[in-house]
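Subject: Structure handover

Hello,

Here is the structure we spoke about. My notes on it follow below.

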Amino acid sequence: WAWALMAPLFFLVTVKTILCMEPVQGSHVHAALQHSEGKFRQQLARIQAKAQSICMLQGEGFELDALQKTVRDIWQLSKKRHDIMIFMDMCEWMCFRSPQA
């Protein structure tokens, strides 16, 4: 009967270990990434709603610059998140991904 408890015990210990490995700055980067993605969605919705006014006032350049800056921020934060979380992601992959998947 002890063998029946080994799989759940392995799962619980492994999950707890992996969650404890999360870097402190990981949550800050993730929050900043979510904020930037929300800002991007908001900009797209605003452009969609105000497209006629933007064209009439010739504000395409301004809107393009704002979108490019937001996309650049999202790219940098995504790269930073990947660099911070790679060790934790690799440990999770080693423990929970099967070679057949």
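To begin with a question: where do Lys 79 and Asp 83 lie, and how many residues apart are they? Both are in helix 4, four residues apart, which is about one turn of the helix. Please keep in mind throughout that this is a predicted model.

Salt bridges

Lys 79 and Asp 83 are joined by their side chains in a salt bridge, with N and O 3.6 Å apart. Lys 79 is partly exposed at 43% relative accessible area, and Asp 83 is partly exposed at 47%.

The count of salt bridges is three. Another one links the side chains of Lys 69 and Asp 73, at 3.1 Å from N to O. This pair also sits within helix 4, with four residues, or about one turn of the helix, between one position and the other. Lys 69 has a relative accessibility of 42% and counts as partly exposed; Asp 73 is partly exposed as well, with 22%.

The remaining pair is Glu 63 and Arg 46, whose closest N and O atoms are 3.1 Å apart. Glu 63 is buried, because its relative accessible area is 10% and the cut-off for buried is under 20%. Arg 46, at 36% relative accessibility, is partly exposed.

Gln 43 is buried, with a relative accessible area of 10%. Setting aside neighbours within four places in sequence, Gln 43 is in contact with Ala 66, Leu 67 and Thr 70.

Helix 1 against helix 4

Two packed helices are described by the angle between their axes and by the distance between those axes. For helix 1 (residues 6-20) and helix 4 (residues 60-96), the angle is about 170° and the axes are 10 Å apart. Angles over 145 degrees count as roughly antiparallel, so helix 1 is roughly antiparallel to helix 4. On the helix 1 side, the contact is made by Phe 10, Phe 11, Thr 14, Val 15 and Ile 18. On the helix 4 side, Met 88, Cys 91, Glu 92, Cys 95 and Phe 96 take part. By class, this contact has eight nonpolar residues, one polar and one charged.

In soluble globular proteins, nonpolar side chains tend to be buried together. Here the largest nonpolar core has six residues: Ile 18, Val 29, Ile 84, Met 85, Met 88 and Cys 91. Helix 4 supplies the largest share of this core, four residues. Which residues does Met 88 contact, leaving aside its neighbours within four places in sequence? They are Ile 18, Met 21 and Glu 22.

One backbone angle

Most residues other than glycine have a negative phi. Gln 58 is not a glycine, yet has a positive phi of about 55°. Gln 58 is placed in the loop between helix 3 (51-56) and helix 4. Is Gln 58 buried or exposed? With a relative accessible area of 67%, Gln 58 is exposed.

Regards

Technical notes: Residues numbered from 1 in each chain as written. Predicted model: local features only at pLDDT ≥ 70, side-chain atom pairs only at ≥ 80, totals over all residues. Heavy atoms only, no water. Axes fitted to C-alpha atoms, helices over the stretch in contact; angles between N-to-C directions. Helix = DSSP H or I, 4+ residues; strand = E, 2+ residues; numbered from the N terminus. Parallel < 35°, antiparallel > 145°, perpendicular 65-115°, else oblique. Contact = heavy atoms within 4.5 Å. Nonpolar A, V, L, I, M, F, W, Y, C, P; charged D, E, K, R; others polar. Salt bridge = Lys/Arg side-chain N within 4 Å of Asp/Glu carboxyl O. Buried < 20%, exposed > 50% of the residue type's maximum accessible area, 1.4 Å probe, protein only. Core = buried A, V, L, I, M, F, W, Y, C linked by side-chain atoms within 4.5 Å.
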